[in-house]
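Trainee: Could you take me through one part of this model closely? I'd like to look at the place where two of the chains meet.

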Amino acid sequence: MSVERLPGSDPYAATGVPEFGLRNYWYPVLAGWRLRRRPKAVKVLGEDIVLFRDRGKVYALSERCPHRGARLSRGKCLYPGSGTISCCYHGWTFNGETGRCVAKLMEGPDATLPRQPVVKSYPVREFRGALWVFVGDMGAVPLEEDLPECLAATAEWQGISTWRSYRCNWRILKDNLCHDLHAPLLHRNSPELMFQPIFTHASRIAAVPLDDGKGIGYTARDGITEADYPGLGHFPPRRETWYRVLKPVGRGRDIDPAALATAKHGVKYRQSSLLPGITLIGRPSGNYYVCRWVTPIDADRTLYYSFSLFRRRGMLRNVANRVFWGLWLSWVHDWIFSDQDKRVLEAVIPGQELLSRSDIGVVAWRRFVLTHRRRPPEVARAAAVEEITRPAAE
Amino acid sequence: MSVERLPGSDPYAATGVPEFGLRNYWYPVLAGWRLRRRPKAVKVLGEDIVLFRDRGKVYALSERCPHRGARLSRGKCLYPGSGTISCCYHGWTFNGETGRCVAKLMEGPDATLPRQPVVKSYPVREFRGALWVFVGDMGAVPLEEDLPECLAATAEWQGISTWRSYRCNWRILKDNLCHDLHAPLLHRNSPELMFQPIFTHASRIAAVPLDDGKGIGYTARDGITEADYPGLGHFPPRRETWYRVLKPVGRGRDIDPAALATAKHGVKYRQSSLLPGITLIGRPSGNYYVCRWVTPIDADRTLYYSFSLFRRRGMLRNVANRVFWGLWLSWVHDWIFSDQDKRVLEAVIPGQELLSRSDIGVVAWRRFVLTHRRRPPEVARAAAVEEITRPAAE
Amino acid sequence: MSVERLPGSDPYAATGVPEFGLRNYWYPVLAGWRLRRRPKAVKVLGEDIVLFRDRGKVYALSERCPHRGARLSRGKCLYPGSGTISCCYHGWTFNGETGRCVAKLMEGPDATLPRQPVVKSYPVREFRGALWVFVGDMGAVPLEEDLPECLAATAEWQGISTWRSYRCNWRILKDNLCHDLHAPLLHRNSPELMFQPIFTHASRIAAVPLDDGKGIGYTARDGITEADYPGLGHFPPRRETWYRVLKPVGRGRDIDPAALATAKHGVKYRQSSLLPGITLIGRPSGNYYVCRWVTPIDADRTLYYSFSLFRRRGMLRNVANRVFWGLWLSWVHDWIFSDQDKRVLEAVIPGQELLSRSDIGVVAWRRFVLTHRRRPPEVARAAAVEEITRPAAE
């Protein structure tokens, strides 16, 4: 029941990146354990969706009953095993896979039923503890096609996930994750970084398309950890530098392609952005990734789904990873570190930007979205034809 | 201070039933005992109204002082016995019956006063414990003309009333009361129905205009209390039917015109819809009615005024009725039973509908509204002329 | 982040007085002691402004970082003594006086910097315990030019200030302060007036332009303290008049120009309205003024900054004034008395008015605003030319 914006009022329309997110992708929308006997309503890319579970299997339909507009999430799965949900108002019962109305309970078994599906059904999967929904206008691709390898390969990677809801548009959050050099300033005193290499700034950022065409990897060269600013003083301010004695230099340097781990695991970038709004941040060791998935809810809210992924290297290490996550990472990173961003992002006043050298990663991401985002085959074809036939003068 | 919708944004505009309610009718707006010495502001059909009481008599005027916009409900009746209210800001004093400004206190006794009424005055009555206001664009009809007989005849009928405010448009609430067959599903496990006949579903609903032209009565034939749905199972679900052992069959069957009570009291329909938004539900005995009056507040809020009416049959029975109401009906019906509807209705997502056989009563009501609603004589005449002169081809 | 009104939806557009306040004036926006080490965001005339303090000096810039839209009030003065504020997101650092970007910390000391100022800077002063900002489209005039003498002359006048935020447009609040004769009614039972002369009503209000062209003074002649209203009764109502035994008559009478104090101090009016939205209320003794400054926040909120000003007449009297203010004036006037207005004003339903004799002061104020408000020289010139060349017939 959110208010739609007036047309033309999207302050980032000029970027071409759609306000409500990229369609035709899978998105994590809810932790699986939160969907039990009661159906649950979620909003994804501005669409109201009901999720329900029947004998373990999960279904996703449009939330609005087409009959008189009641919310299907108030209904329930009256006939376990049938994969249907019944609206609580007049008992219109819908097949969770096809969206067809298979009964109008209050009209008796001989009621006339519409032949066509009357509610939109969404492809849905349960994977890595999350419920994934494909939102778009074409047949779903396999979920695995949209997942980075560390997320897809459960046998090799152990995963723990958390999520938060942000009160801002998804683009503001995703821009924050395009290696835009905010970290050396905004997170400079974050406890998580107390024992880590110092983030470098003033680096020359470059974005390189990934081989699989699904995203871009960022490189950062020639970064510095401190500097003098004429007329101002030192950065970081001298009064803060005692804090740095624990930290070695190194963070932010590019990955050495000759290093053992890199060679072994093929890690090429510390940070990369993948469609539809994924950020992958890895350690040079190749044994840990954090994968953060930005799921647009509507114009002003975004779900931030975060996976910590550890390479499985024996039972003992797996347990150690969980303990390490529970005692340290969970609060120091997913909570305190992320909150530094959250407070800034939720207060952003949308409007015209003045992009600069530090935004190379942001600009590259936006350009990549425009050229590489998935589109229904017929739309993509039409766009390609238009591209070819456009006069050269333009 | 509610935000008005943008024109054209009423999702039910196509039904022709006005978003803000039917004008030119009486509506219950407030329990009489709630209006004491302080004026009270109410909103009815989108109009802000101040009610005030002077020496027992009640007056209703437009809430906004025409001088500088202050709310008259912040003012008071400075001159008891005069039937006036004085604005608290500059003392413009208005006659509660005519809406004329009879003094501008701060300008002295010789101030120039406008000849014409400057605030709209509303016909108002206190009756059955409620304050009734006539909202419209014509002279008021007598209140009794708008009341069903069981409400009008205080000597024969004992009444108890409650009210609630719903966060939805009045049409969504009124549709719910047009014998649309939601009850056998939505209320199937309501405690109120534990000892009552089972509601039947899959009935053939018909709507018959009442003799007095003020509404429609509903009939329901050939209903069933249970059935098997292919591919699904039984309705009601088997696990719920133990609950039904206490209930005889019968509810929902048509009233037998040969039955004694029916013949005696002339009860023809169990349920009927009356203009402007009344629902009358009776027992076949003819000794009890529930009369529910839907008063639109604005586009998104509705006042639901409910009267329980018992036929007076001796002092002892009257007392017993009150006790029965207080101990059972009040909470089990006005609270628990109604809440099952309230939760669904307040969550409805307005939009296009897919009406079906169970909505015959709803469609009949909407059609009846369009053809039979009261209109100022000149408007009705113009409409009739247009009707006659419209080319047949249309 | 307030919602802007749709164009054309200002209910007072016809008055010509701008909805968001008069530009090109100084306004008090915050008590000085509330601005310490953390920058503070304020909104004035609809503009978001960040205030920050560096080594005692105060600066005011546009709140939105032009880079990516973060709020500068989340940033901090990283380099004390430099008069700059650094955005917390990527460290763009702005000179508080010029609005120029003097560093992009995350891009290193050799980053390219824009030559022109990229954020709007506001002239700001700390005076009389308040922070004053000049909001407009021209170079700032000296603050003293906008202050009434009792506020400007700190050596002769002792001042104590309070402030409140009102949930209404600034014009509704300012109209309330144009000697519009609401006081004898709305404040008739205010404890503050218990020992004061009775306010007269039905006075003939006149507004006289002040010699310095900065405002208008109000005169009120022939006022009465009570009267009989035909058909109603006495005003004030008889049951309230016992309350008046303590009060001498006199309030509301014009100042006697021959009186000693008046002659000595040149007090000509009890009450006057000054641009941009100041109300000055004085005692005939010439030793006390209350100066109330209306600072528009946005379309629906207003800051009400109030100064109590006592003429300095010796140390002992200064102390006595503070005690008197703390024990009596502070709560009985700034709190209780003002609250009587606040409750009415915040509930006003904006719309068409029906102005009357009591509104002479309001109308005079509005007219004065249209003809005398400060405008950037080129705008004023263009308006004057248009005035001259307009055909007489119009």
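Mentor: Happy to! Let's begin with buried area, which is the accessible area (1.4 Å probe) that two parts lose on being put together, summed over both. By that definition chain B and chain A bury about 3000 Å², with 60% of it on carbon and sulfur atoms. Within chain B, L232(B), I349(B) and L354(B) lose the most area to chain A, together 23% of what that side buries.

A word on the source: this is a predicted model, where local features need pLDDT of at least 70, side-chain atom pairs count only at pLDDT 80 or more, and totals for chains, interfaces and linings use all residues. Residues are numbered from 1 along each chain as its sequence is written, chains are lettered from A in the order in which they are written, and side-chain values use heavy atoms, leaving out hydrogens and water.

Counting contact as heavy atoms within 4.5 Å, 44 residues of chain B and 35 residues of chain A take part.

Now for the charged pairs. The interface of chain B and chain A holds two salt bridges (a side-chain nitrogen of Lys or Arg within 4 Å of a carboxyl oxygen of Asp or Glu). One of the salt bridges joins the side chains of R68(A) and D180(B), at 2.9 Å from N to O. By class, the side of chain B that touches chain A has 23 nonpolar, 10 polar and 11 charged residues (Ala, Val, Leu, Ile, Met, Phe, Trp, Tyr, Cys and Pro count as nonpolar, Asp, Glu, Lys and Arg as charged, and the others, Gly among them, as polar).
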